[in-house]
Amino acid sequence: MSGGAGMGDGAAGTGVAGDRLTPATSAPVSAEGERALLPTANPARTWAAARELLRPHRGLAFGGFAVMVAATAAGLLIQPLLGHIVDLVAGRRPAQALTAPAALLVLVAVVQGAGTALGLSLISRLGETALARLRERFVERALRLPLAQVEQAGSGDLTARVTGDVSRVAEAVRTALPELARSLLAIVLTFGALAVLDWRFLLAALLVVPIQAHTARWYVRNAVPLYARQRVADGAQRQQLLDSISGASTVRAFRLEAEHEERVTQRSWSAVELTMRGVRLVLRFYSRLHVAEYIGLAAVLVAGFLLVRGGAVSIGTATAAALYFHSLFAPINSALVLADDAQAAAASLARLVGVADQAAPEDPAPERAPSERPAPERASSKRPVPERVPYERPAPERVPYERPAPEQAPSERPAPGLPAPRRPSPGRPALDGQSSEGASAGPSSEGAERAEDAGGSLLAGDPVVTVSGVGHAYEAGRSVLHDVDLVIRRGERVALVGASGAGKTTLAKLIAGVHRPTQGSVRLAVPERDRPGPAVALITQETHVFAGPLAEDLRLARPEATDGDLREALARVEALTWVEALPEGLWTVVGDGGHRLTAMRTQQLALARLVLADPPVAVLDEATAEAGSTGARALEQAALRAIEGRTALVVAHRLTQAATADRVVVMDGGRVVESGLHDELLAAGGPYAALWESWSDARSGELHLPPTHNAPII
Ligand SMILES: Nc1ncnc2c1ncn2[C@@H]1O[C@H](COP(=O)(O)OP(=O)(O)OP(=O)(O)O)[C@@H](O)[C@H]1O
């Protein structure tokens, strides 16, 4: 039973256990078929992973097992001792004759208790150690999963695995596993003891085995797929709750409350329905077991009656046999119940192994630039400011969509599609394609080579970001970007504007390297700097403050920064005053459980981290969206100061950001539709002028756009 039970799960819809063609992991689609969830290991791989985890602790495993066998065997002396007492009483022996067996009973109980406690603690230690290793591996891999994969699965799936699945497996390791081992031992040894009393008792007791084996097989056959579906439904339900709650303002803005309620209700009910099916299954399972127990007990009693009548055994021996059989009820039931827990735990384990087995990224430190300084001890468990790398796809033959950079003199403007003219300049810094994730793995280095081939250094006006023929689809067949060409030149500050859903965030993420374009290429060519660091950093409004002293949070971006550097960075984004006013200044504990920071302050810290990380290219996406209008203006100023001297792409949700940019790029329907100076574009009376007008009207309160209107983001 336990073998089959332990193998529960479900690689939902991916094949049969042991089938050699079954992939080791599968990426199930949620019950609604809407999301490709993170992969789940198949049963064979789950077993193998469990064995791998236990292998280094074989000594502990054998020791624990031996102690448990000894303790259980000692416990089996109780029934014959009780039988002996029955014989003494039936033989009308004096009361003193009971003293010795009674004393032995006490001794057996003490030995059994102490042995069981020791054995359980050894087995628990074994389980906890293995679990700790699995958890470490899971977290290590989870932190390195490609963001696109996590986004596709939904963070709820990952959250469900980190919380629900980890605690289910931990609970099993702490309680179910040791108890299951104890019960299985008790069952096997008790059958042995019955044989020692008289082989005919064993025969009578074994009558139940076919019934129970059939019941167990029936249960496993039904429970395995059911538990797997339950896990998937659970992940989908959590994801829906997260989607609806975290996007509550959007849901309300677009009047989608009813639709979301409906989706939550649907997913909850599918989870409830599966749970109820599980309950009914368990009830039917127990009723079959009880029938088996009473058939078995009746058989042992009849055998005892016949054997005593034939003079083959004493009443005491028959009593001991009946007690043995009765004592099997508890371990058999508990083994089956625990097998139930083991089923659920195995399904959870398969989901953890599925993630833990994800191939480690080629780059051992994917979030860092290849030449980035060695991580100091304190930074090892934390992630730096999200920073990304360029990647390279074979660039199709295209003429880049490009307008001359505004600061260039007309005579210096390149012809459309041609690189900017280069002037010899001995003092210019050399080029390097360095950046974060995967740069060393190859693709990104091409950009560097090309840049160096082209002259080895950059001037103001040289392309730093080159987007060529880029298209992107989050889901196959549903392109959200089409044929985007864009060149951002050194030192240029480009504002990206457009209606909601135009594709601004997608383009920003592609440039920051969060996603790979499904078509075309994004190249970065950045100058080599004295201090290695990320080539490009992205700030979104989902900035995070890690729990701990504020100084440590800032040092994620530059671990070797002195307190003076931190203060300088804070001053640059106008945060130093409030930081120094905190109870312990830079050492105030912030984040969960610490001093709570407003959204605006959190954004300021993100900007200070950007200053410290000092990337040549900065991508700001909605960095000021969280703040109220006064705060937004202050943040706008802080952002301007943080990106001073960098090549920057700013997703401008307030068009004042566009008005002061070097160039405005307007997107609509996943395409770049206009590009130029604010004044030029206003004068041209095109899409930008229309956006500006509706934005200005909305700001002055003359126009109140309905929430579902395809309005510019403001
Ligand atoms: N992770 C995703 N999975 C599937 N579709 C997505 C995803 N992210 C964005 N989209 C879709 O891509 C399109 C472009 O979205 P994007 O967020 O890039 O636009 P945007 O201009 O930044 O809009 P907003 O300002 O509202 O964020 C939209 O239709 C959006 O629904």
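**Entry 1**

Axes are lines fitted to C-alpha atoms, for helices over the stretch in contact, and angles run from 0 to 180 degrees between N-to-C directions. Helices (H or I, at least four residues) and strands (E, at least two) are DSSP runs, numbered from the N terminus.

I noted that the model is predicted: local features need pLDDT of at least 70, side-chain atom pairs count only at pLDDT 80 or more, and totals for chains, interfaces and linings use all residues. Residues are numbered from 1 along each chain as its sequence is written.

**Entry 2**

I then checked the strand order. β6-β5-β8 is an open sheet of three strands with antiparallel pairing. β6 and β8 are the edge strands, each pairing on one side only. From one strand to the next the twist averages 20 degrees. Two strands count as paired if DSSP finds at least two bridges between them.

**Entry 2: β5 and its partners**

I went through β5 (residues 463–475) against β6 (residues 478–489) and found eight bridges between these antiparallel strands. Pro-463 stands opposite Arg-489, and Glu-475 stands opposite Arg-478. Two residues lie between the strands of this hairpin, and Gly-477 takes a positive phi near 85 degrees.

**Entry 3: β13**

I moved on to β13 (residues 617–621) and asked how many of its residues are buried. Five of the five are, so the strand is largely enclosed by the rest of the structure. Buried means that 20 or more other C-beta atoms lie within 10 Å of the residue's own; exposed means 12 or fewer, and partly exposed falls in between, with C-beta atoms placed from the backbone.

In a regular strand the side chains alternate between the two faces of the sheet. On one side of β13 I listed Val-617, Val-619 and Asp-621, and on the other Ala-618 and Leu-620; all are buried.

For pairing, β10 (residues 536–539) runs parallel to β13 over four bridges, with Val-536 opposite Val-617. β14 (residues 647–651) is also parallel to β13, over five bridges. There I found Val-650 as the bridge partner of Leu-620.
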